[in-house]
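Have the sequence and the model open as you read.

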Amino acid sequence: ANGIEAWQLPLERTERKLHQSQRQLRFLADTDTLTEVPNRRRFYELATKTLALCAPGKAAIVMFDIDHFKHINDRFGHAEGDEALREVARCTRETLRAQDVAGRIGGDEFALLLPETTVAEAFAVASRVAQRLEVAQQAAQTGLQLSLSVGVVLARKGENIADALRRADQALYEAKRQGRSRAVA
């Protein structure tokens, strides 16, 4: 009739649904659905690509987690723990620039790759995330007092993201050893 065969319309509809399903699967494969930030695998992919574009010593890697998170789950329940994770992720997303890479590494641990960022600037980013979190908690009036421990390193020449994260994790451990709710480089 108008040049479209009767069998073409169902085929086009099926192709559209297939592409939509593929996009949805890619989102689910790449995203931590609880926090809506990239999952560990996707963070490593994005951070590796981003780090390759940065000059040596010009990218900060930040690792942080929620202080006493197990206590929150034990005392207030896992639903409240999940809400704490969502809130930390939201505050993080709202703080970062477009070129920054964030991810949930596991449990209550998050990682950031901040291109063209010094250690001092990375500390300032971590501080802004913590301040947003504090304001959000005051507004929510849940009684939870969330705080973050933070480890910061600069990526070294030739260093891959996994090695940089290991060093950031050591700095995070030192922040916890010093009493939590602080950042250590």
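## Ground rules

Burial labels first: buried means under 20% relative accessible area, exposed means over 50%, and partly exposed is in between (1.4 Å probe, protein chains only). This is a predicted model, where local features need pLDDT of at least 70, side-chain atom pairs count only at pLDDT 80 or more, and totals for chains, interfaces and linings use all residues. Residues are numbered from 1 along each chain as its sequence is written, and side-chain values use heavy atoms, with hydrogens and water left out.

Helices (H or I, at least four residues) and strands (E, at least two) are DSSP runs, numbered from the N terminus. Contact means heavy atoms within 4.5 Å.

## R26, out on α1

R26 sits in helix α1, residues 8–30. With a relative accessible area of 48%, R26 is partly exposed. Take A171 as a reference point: R26 and A171 are 145 residues apart in sequence, and their C-alpha atoms are 33 Å apart in space.

## α2 against α6

Helix α2 (residues 40–52) and helix α6 (residues 161–177) have axes that come within 10 Å and cross at roughly 105°. Axes here are lines fitted to C-alpha atoms, for helices over the stretch in contact, and angles run from 0 to 180 degrees between N-to-C directions. On that scale, angles under 35 degrees count as roughly parallel, over 145 as roughly antiparallel, 65 to 115 as roughly perpendicular and the rest as oblique. So α2 and α6 are roughly perpendicular to each other.

Which residues make the contact? From α2 it's F43, Y44, A47, T48 and L51, and from α6 it's I161, A162 and L165. By class, that gives 7 nonpolar, 1 polar and no charged residues. The classes work like this: Ala, Val, Leu, Ile, Met, Phe, Trp, Tyr, Cys and Pro count as nonpolar, Asp, Glu, Lys and Arg as charged, and the others, Gly among them, as polar.

## α4 and its two partners

Start with α3, whose axis comes within 6 Å of that of α4, with a crossing of roughly 140°. That makes α3 oblique to α4. On the α3 side, F69, I72, N73 and F76 meet H78, E80, G81 and L85 of α4. The class count for this pair is 4 nonpolar, 3 polar and 1 charged.

Now for the other partner. The axes of α4 (residues 78–95) and α5 (residues 119–140) come within 9 Å and cross at roughly 130°, so this pair is oblique too. The crossing is right-handed, meaning that the near helix is turned clockwise from the far one by less than a right angle (left-handed if anticlockwise). E87, V88, R90, C91, T92, E94 and T95 of α4 meet V125, R128, V129, R132, L133 and A136 of α5. By class, there are 6 nonpolar, 2 polar and 5 charged residues in this contact.

## Two buried aspartates

D65 is in strand β3, residues 59–66, and is buried at 6% relative accessibility. Where does its side chain make a polar contact? The partner is the side chain of K176, at 2.9 Å. A polar contact is a pair of N or O atoms within 3.5 Å; within protein, one must be able to donate a hydrogen and the other to accept it, and residues adjacent in sequence count only if both atoms are side-chain atoms. Beyond four places in sequence, D65 also touches D108, E109, S147, L148, S149 and L172, among others.

D67 lies in the loop between β3 and α3 (69–76), and is buried at 4%. A polar atom of the D67 side chain lies 2.9 Å from the backbone nitrogen of S181. Setting aside residues up to four places away in sequence, D67 is in contact with I72, S147, L148, S149, K176, R180 and S181.

L172 belongs to helix α6 and is buried, with a relative accessible area of 2%. L172 and S149 are 23 residues apart in sequence, yet 6.2 Å apart from C-alpha to C-alpha. Contacts of L172 beyond four places in sequence include M63, F64, D65, E109 and V150.

R180, in the loop between α6 and β7 (183–184), isn't a glycine but has a positive phi of about 70°. R180 counts as partly exposed at 26%. E36 isn't a glycine either, and has a positive phi of about 60°. Its place is the loop between β1 (31–32) and β2 (37–38), where E36 counts as exposed at 52%.
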